[in-house]
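Please examine the sequence and the model shown here before reading on.

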Amino acid sequence: MFRCVVIPLADGTSVGEARRSGMDLGLSLGLDEVKNGELGIIITEAARNAVLHGKEGQLVVAGESSNDAVNIDILALDRGAGIKNISRAFEDGYSTAGTPGTGMGAIRRKADVMDLFSGAEGTIVLATVKQPARAVTAGNLELGVIVGPYPGETVCGDGIAWKRDPERTAILAVDGLGHGPFAADAADEAIRIFHQHALKEPGEILDRVHDALKKTRGAAVAVAEIRPSVATLTYAGVGNIAASILSGTQSRSLISHNGIVGHHMHRIQEFKVNWPESGILIMHSDGLQHRWDLAKYPGLAMRKASLIAGVLFRDFRRGKDDASVVVVKERT
């Protein structure tokens, strides 16, 4: 099960909303009382820092529960001036805003994993809560996933789903036509069918989704399968899901055919390409602009998948549609 909430951070009152929404998500995924309390502390401190130092921003809580393990990423995204002295920012008592200066230290103490990326465009703080604390996922690939609804909507017409084992990772990205409940119905149905047929090849999965979405308004859908041991990526897509493979300074776009899954498709075609060593797969809906370039963020490609997803979501979200992004790379 995957759940994600995105809370705008405009002022101090939004900190409480972020904490309540994040802790509700934690309970829904099965966090125990102690871990969920730690989650609440992390969210409070991360959201407060974003409001104080970034003036505004967003708080993303994205979590997955599978096989009695829970993994939740907390991302605080701001557009402030950046952190000038990162090492000092973690020292208790150090503050540039007249606060007690314990926020970053508290996050690091409570989180099972913590990282941040800061520059002139702002700061992204990543904290991960795991239950059990040493919970790991199958395979050597990590995913960073963010899904956010059209501003003002309570449901999202975008969706991301995946199936991992040591030899193979399959990912579905879906963008229901339009936004609101009917778009969400299409996305939910696509995800349901994906989980039923996730072990099949991408083209066959897409064909099954097409049949299932005939009763909905339809969607753009893409399916990728990565097999690191044989260095291959297989991809099939219809509609405006963007997908790219990055390797060093090289970038390769993957092809999706025109059409609307569930209504009219000219054809389903699989493309098999090389999966490069230290490769990165980025897939996103048209809720994000296409003209991003990770090279403009020195060192970001070497960081965690969730940090990369956070930068793309913060800096390239259009704000006029549902938006989703998934980043897949070797575990760091």
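## Helix α7

In this predicted model, the buried residues of α7 are Ala-305, Ser-306, Leu-307, Ile-308, Ala-309, Gly-310, Val-311, Leu-312, Phe-313, Arg-314, Asp-315 and Phe-316. That is 12 of the 12 residues of the helix, so α7 is largely enclosed by the rest of the structure. The list includes the charged residues Arg-314 and Asp-315.

The length of α7, which covers residues 305-316, agrees with expectation. At 1.5 Å a residue, its 12 residues should span 16 Å, and the C-alpha atoms at its ends are 16 Å apart.

Ile-146 belongs to strand β6, which runs over residues 141-148. With a relative accessible area of 0%, Ile-146 is buried, because residues under 20% are classed in that way. Once neighbours within four places in sequence are set aside, Ile-146 is in contact with Ala-309, Gly-310 and Phe-313, and also with Cys-4, Val-6, Val-60, Leu-75, Ala-323, Ser-324 and Val-325. Ala-309, Gly-310 and Phe-313 are among the buried residues of α7.

Arg-303 lies in the loop between β16 (280-284) and α7. Its relative accessibility is 23%, so Arg-303 counts as partly exposed. Residues up to four places away in sequence are not counted in the following list: Arg-303 touches Asp-115, Leu-116, Phe-117, Glu-142, Ile-308, Lys-329 and Thr-332. One of these, Phe-117, is 186 residues from Arg-303 in sequence, yet their C-alpha atoms are 8.4 Å apart.

## Helices α5 and α6

Helix α5 has 16 residues, which at 1.5 Å each should span 22 Å; the distance between its end C-alpha atoms is 23 Å, in agreement. Its buried residues are Ala-183, Ala-184, Ala-186, Ala-187, Glu-189, Ala-190, Ile-191, Ile-193 and Phe-194. These residues pack against β7 (158-165), β8 and α6.

Thr-234 is buried, with a relative accessible area of 1%. Apart from neighbours within four places in sequence, the residues in contact with Thr-234 are Pro-202, Val-223, Ala-224, Glu-225, Glu-270, Phe-271 and Lys-272.

## Backbone features in loops

A cis peptide bond links Gln-131 to Pro-132, with omega at about -5 degrees. Pro-132 is located in the loop between β5 (122-131) and β6.

Two residues other than glycine have a positive phi: Asn-67, near 55 degrees, and Ser-278, at about 60 degrees. Asn-67 is found in the loop between β2 (57-66) and β3 (69-78), and is exposed, with a relative accessible area of 75%. Ser-278 lies in the loop between β15 (271-274) and β16, and is partly exposed at 48%.

## The protein as a whole

The secondary structure of the protein consists of seven helices and 17 strands. Its radius of gyration is 19 Å, close to the 20 Å that the globule rule gives for 332 residues, so the protein is as compact as a globular protein of that length. The C-alpha trace spans about 60 × 40 × 35 Å along its principal axes.

Buried residues account for 55% of the 332 residues. Of the contacts between residues at least 6 apart in sequence, 68% join residues at least 24 apart. The accessible surface comes to about 14700 Å², with 49% belonging to carbon and sulfur atoms. The protein has 37 positive and 39 negative charges, and the mean positions of the two sets are 3 Å apart.

How values were computed. Residues numbered from 1 in each chain as written. Predicted model: local features only at pLDDT ≥ 70, side-chain atom pairs only at ≥ 80, totals over all residues. Heavy atoms only, no water. Helix = DSSP H or I, 4+ residues; strand = E, 2+ residues; numbered from the N terminus. Rg over C-alpha atoms; globule rule 2.2 N^0.38 Å. Buried < 20%, exposed > 50% of the residue type's maximum accessible area, 1.4 Å probe, protein only. Contact = heavy atoms within 4.5 Å. Areas by Shrake-Rupley, 256 points an atom, 1.4 Å probe, with all protein chains shown as cover. Charge placed at Lys NZ, Arg CZ, Asp CG, Glu CD. Expected span 1.5 Å × (residues − 1).
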